[in-house]
Amino acid sequence: MSNKKLIILGVITVCMIAWAIVQAHISNRPRTEAEKSAYLIQGLDPTNIGSIVLGTGENEVTLKRNGRRFVVTDKDDYPAESGDINSLIASCLDIKVDELFTDNPSNYKDLGVTEEDAKYIVKFLKPDSELLAGVIVGKGKDQGRGAFVRMIPGNKVYVTLERPWIKDQAMNYINRELVSVDRKNIESVTVSSSDETYTLKANDVGEDIILENHPSGKKLKNGDCEAVFTALNNLRFEDVMKAPAAGKELTFNRQFICKLKDSTVYTMKIAQKDDKTFITCRAEFTDKNPVTKEEGVVESEEELKKKEAKLLARDKAEEFSSRHGNWVYEISENDAGNLVKKLSELFEDEKKEATEEE
């Protein structure tokens, strides 16, 4: 064989070896996330969900569909927030996994994917309580971003791409804000108990707070007065229960009334028991004059806006009472302190103040 042919054969052989190496590298390289990952739960139609069960045993929380929305059965069927329910469903449907880790039940406990050892358990049930799908989230894997998960029903345990984070407390699915009143809209606040009643008002400018029947020789503590005056600004609750059952065990012998400039009046009745404070809430729109429009009369834009504002305020008060009227709320110690503050706590002696300044 000539030298020329040998050279050509050598070149071909080298090219074939190089191509084989490239092919081997391609076939053995790790697959991309898009190639190897998949959603754990597939084909679940949220409209078929009749209830959602979180956790197990004493920590179990049930969210049940009631018409177009869900309620929290563990809180006397208090309405759940639709946005939080949607986020829960989405967080489960968004769980992505890569490799199958095991399908041997003897490994479940070590991986934390038994119902007794799980970090999170979510079950989606049909209206007849039949299981649609569920997920058990176990331990994290090797200090990485993933976690062991098992879809139920089923035996296969996978590793997720990201550790799921699921809200599993009943109060996580309840809007805890009772009311938030803008200070500039407040006309007066009245605090009453069996011992005393006092009223704080905004002055004509609306910036300072004055006390009706202010005793001589005393000066108001601006910070404490402000805290009472704005007690309904972002008032939230810690727990909730149905009014009829809770009301039998509580004595509502205090009252906090907040009057707004638009004729809305919020009334909070207050009971205290075992270092806890409970309130009931209602709102009333006290301007009973009907909103009318006379035929043939052209009203100014300003008049139309006033009528619209009145209708909106009236509807807001009715909606507030409808939503909260049948419930008893437990509030925090800090919020309770502003609703039941004694008159003596709002004063300081003027002479003492002058002496301290000197």
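What is the accessible surface of the protein chain, and what percentage of it belongs to carbon and sulfur atoms?

## Overall architecture

In this predicted model, the accessible surface of the protein chain comes to about 22000 Å², and carbon and sulfur atoms account for 47% of it. Of the 358 residues, 36% count as buried.

The secondary structure consists of nine helices and 22 strands. Among contacts between residues at least 6 apart in sequence, 61% join residues at least 24 apart.

## The eight-stranded sheet

Eight strands form an open sheet with antiparallel pairing, in the order β14-β13-β12-β18-β19-β20-β21-β17.

The antiparallel pairing of β17 with β21 extends over four bridges. M241 has V328 of β21 as its bridge partner.

## Helix α7 on the sheet

Helix α7 comprises 24 residues (301-324), which should span 34 Å at 1.5 Å a residue; the end C-alpha atoms are 34 Å apart, in agreement with that expectation. The helix lies across β19, β20 and β21 and runs at about 145 degrees to β20.

The buried residues of α7 are K310, A313, A317, F320 and H324. An α-helix has 3.6 residues a turn, so residues three or four places apart point the same way. The buried residues of α7 pack against β19 (264-273), β20 (276-285) and β21 (327-331), as well as β5 (78-79) and β11 (177-179).

Note on methods. Residues numbered from 1 in each chain as written. Predicted model: local features only at pLDDT ≥ 70, side-chain atom pairs only at ≥ 80, totals over all residues. Heavy atoms only, no water. Helix = DSSP H or I, 4+ residues; strand = E, 2+ residues; numbered from the N terminus. Buried < 20%, exposed > 50% of the residue type's maximum accessible area, 1.4 Å probe, protein only. Contact = heavy atoms within 4.5 Å. Areas by Shrake-Rupley, 256 points an atom, 1.4 Å probe, with all protein chains shown as cover. Expected span 1.5 Å × (residues − 1). Pairing = 2+ DSSP bridges. Axes fitted to C-alpha atoms, helices over the stretch in contact; angles between N-to-C directions.
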